[in-house]
Amino acid sequence: MNRVSYVEGNAVRKMEAVPQRMPLERPTREQREAQHRRRSRQLAAQRNRQRALYMSKGYVAFLTLCVGISVFSAFTYVRLQADVTAKMRKIATLESQIADLKADNDARYNSVTTSVDLNHIKDVAINELGMSYATEDQIVYFSVENNNFMDQYSDIPEK
């Protein structure tokens, strides 16, 4: 095969009859040792990766147990949280019922106290039943200490 090439322009390139050969560079001893170390490190890393991917049956059972315990704990926590929320709602409902009952009780008490005519009761007690106010000699005073109540150990003396 005969090649002919044409170069355009006014400068002619120098023709080489035989292309220059690049001398083969032989690696030095240090380069060979460095390459050997690099390969041995790569092989060791590959062995370590394979060893890391291998899991024994005991290790898999242990991991399965750990996951099971974690899932059980999570479900228990969620269930307890839901119970607490439900009880809080029930407490709030009961507290509102108590407040309604107290308000109703107070309203009924006020209606009873306002419906009673004390003057009429006094008039009936004095005129119809023959009752009278206590006289000074019928009133007995007792000293009460710092307690809010008083214990009666015997009958109240009559004068």
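**Entry 1: a pair to start with**

In which helix do D83 and R79 both lie, and how many residues apart are they? I looked this up before anything else, keeping in mind that the model is predicted. Both residues lie in helix α2, and they are four residues apart, about one turn of the helix. D83 forms a salt bridge with R79, and their closest N and O atoms are 3.8 Å apart. I then checked how open the two residues are. D83 is partly exposed, at 33% relative accessibility. R79 is partly exposed too, with a relative accessible area of 48%.

**Entry 2: the overall plan**

Next I stepped back to see the whole protein. I found three helices and zero strands. Reading along the sequence, I noted the pattern α-α-α. Helix α1 takes in residues 29-53, and helix α2 takes in residues 57-115.

The mean pLDDT of the protein is 85, and 82% of its residues reach 70 or more. Among the helices, I found the lowest confidence in α1, with a mean of 88, and the highest in α2, at 95. A reminder to myself: where pLDDT is low, the predicted coordinates should not be read in detail.

**Entry 3: the other salt bridges**

How many salt bridges does the count come to? I got three.

In helix α1, I found E33 and R29, four residues apart, about one turn of the helix. Their side chains meet in a salt bridge, at 3.3 Å from N to O. E33 counts as partly exposed at 35% relative accessibility, while R29 counts as exposed at 57%. The two get separate labels because exposed means over 50% relative accessible area.

Back in helix α2, I found R108 and D104, again four residues apart, about one turn of the helix. Their side chains meet at 3.6 Å, N to O. R108 is exposed, with a relative accessible area of 55%, and D104 is partly exposed at 35%.

**Entry 4: buried or exposed?**

What share of the residues is buried? I found that buried residues make up 1% of the 159 residues in the protein. Buried here means under 20% relative accessible area. The protein exposes about 17,000 Å², and carbon and sulfur atoms supply 57% of that area.

A positive patch is formed by R37, R38, R39 and R41. I picked out R38, which lies in helix α1. R38 is partly exposed, with a relative accessible area of 46%. It can belong to a patch because patch residues need over 30% relative accessible area and no salt bridge.

A nonpolar patch is formed by M55, Y59, V60, F62 and L63, with about 460 Å² of accessible area together. Here I picked out Y59, found in helix α2. Y59 is partly exposed, at 43% relative accessible area, so it also passes the 30% cut-off for patches.

Terms used:
Residues are numbered from 1 along each chain as its sequence is written. This is a predicted model: local features need pLDDT of at least 70, side-chain atom pairs count only at pLDDT 80 or more; totals for chains, interfaces and linings use all residues. Side-chain values use heavy atoms; hydrogens and water are left out. Patches are made of residues with over 30% relative accessible area and no salt bridge: like charges are joined within 9 Å, nonpolar side chains (Val, Leu, Ile, Met, Phe, Trp, Tyr) within 5 Å. Accessible areas come from the Shrake-Rupley method with a 1.4 Å probe; for residues, only the protein chains shown count as cover. A salt bridge is a side-chain nitrogen of Lys or Arg within 4 Å of a carboxyl oxygen of Asp or Glu. Lys and Arg count as positive and Asp and Glu as negative; His and the chain ends are not counted. The place of a charge is taken as NZ of Lys, CZ of Arg, CG of Asp or CD of Glu. Helices (H or I, at least four residues) and strands (E, at least two) are DSSP runs, numbered from the N terminus. Buried means under 20% relative accessible area, exposed over 50%, partly exposed in between (1.4 Å probe, protein chains only). pLDDT is the predictor's confidence in each residue, from 0 to 100.
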